[in-house]
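Please look over the sequence and the structure shown below before reading the report that follows.

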Amino acid sequence: MITRRLALQLGLGATAAAFVSDPLRAKTDSKELVTRPIPSSGEKLLLIGIGTARRFDVSAATDKEPLREVLRALPRLGGRLVDTAPSYGVAESVVGELVEEIGNRDALFLATKVGAGRNGAEAGLAEMNASLQRLKRIDLLQIHNLAGVDVMLPILREWKDAKRIRYHGISTSSDKQYADLEAIMKREKLDFIQIDYALDNRLAEDRILPLAADRGIAVLTNLPFGRGRVLTAFKDKPVPDWAKELRIDTWAQFALKYVVSHPAVTSAIPGTAKLTYLEDNLGTARGPLPDAATRKKMVALLG
């Protein structure tokens, strides 16, 4: 598959090139960054956050350094959302460790998950307490891949009522779970859902995203590059002029802008392990979003 580095080289334009290499000196006009409100509270999140699966599952100090740069720069560049999970190897621990070192926890929106509830409430609670110890604060706690959802949802509500978490929700990364997800969304009051959604993976548009809008549920989207398939499909093509009019300078921004232009999507969380990727991704939150007609052109371009 095409690497993200090559994708940047192929599609790099004026906006992306304008970023400076040192995020501490980066000049970001927050007024031009597009945010969306969390329906249950009105609190706003930038259209782009970061995901940590695989990328933050590292142990060597040399591997942690670029991740430290990403977490330090995220709020400086206008972002907040960091999504992780205890099932992502040591990623959750690395996030907690680096945020503690940087000292910017209060500037971030930390989201994690609980999957151990598949083995019962006691196992789920133990995992939740371990996550809280690692991160020190949890803004959003999600039931991972619907694991033990009936057992765990009441516990998440108890934690929210006790202010141990601020928001609760459920997640999936497989359309095979959409029927169950839809049923839960209809019967339960949720702050968030997290789903897989990409230019080449649009099944969520049929029922899940409209239902989220109807029910007032915020939506995070994982795998916005379709596990790399979208970048691979565009690797030999120039970014079209009509896309550049939307301040889309790279194919990564093209893919992300399609995802976040759906009005039900609150924020996309691409895996982000390097500062250059973060800068490129956050560029998606600048400029106008594609309208319905342009979204169709984006799909057609994929072929």
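Between which two elements does the loop with Arg54 lie? Arg54 lies in the loop between β3 (50-51) and α3 (61-76), where helices (H or I, at least four residues) and strands (E, at least two) are DSSP runs numbered from the N terminus. This is a predicted model, in which local features need pLDDT of at least 70 and side-chain atom pairs count only at pLDDT 80 or more, while totals for chains, interfaces and linings use all residues. Residues are numbered from 1 along each chain as its sequence is written, and side-chain values use heavy atoms, with hydrogens and water left out.

Arg54 and Arg247 each have a positive phi in a residue other than glycine. For the table, buried means under 20% relative accessible area, exposed over 50%, and partly exposed in between (1.4 Å probe, protein chains only).

| Residue | Phi | Relative accessibility |
|---|---|---|
| Arg54 | near 70° | 55%, exposed |
| Arg247 | near 60° | 30%, partly exposed |

Arg247 lies in the loop between α10 (241-244) and α11 (251-260).

Strand β8 (residues 192-196) is mostly covered, with five of its five residues buried. Phe192, Gln194 and Asp196 point one way from β8, whereas Ile193 and Ile195 point the other way. In a regular strand the side chains alternate between the two faces of the sheet.

Two strands pair if DSSP finds at least two bridges between them. Strand β7 (residues 165-171) runs parallel to β8 and is joined to β8 by three bridges, with Gly169 standing opposite Phe192. β8 also pairs with strand β9 (residues 218-222) in the parallel sense, over five bridges, and there Asn222 is the bridge partner of Asp196.
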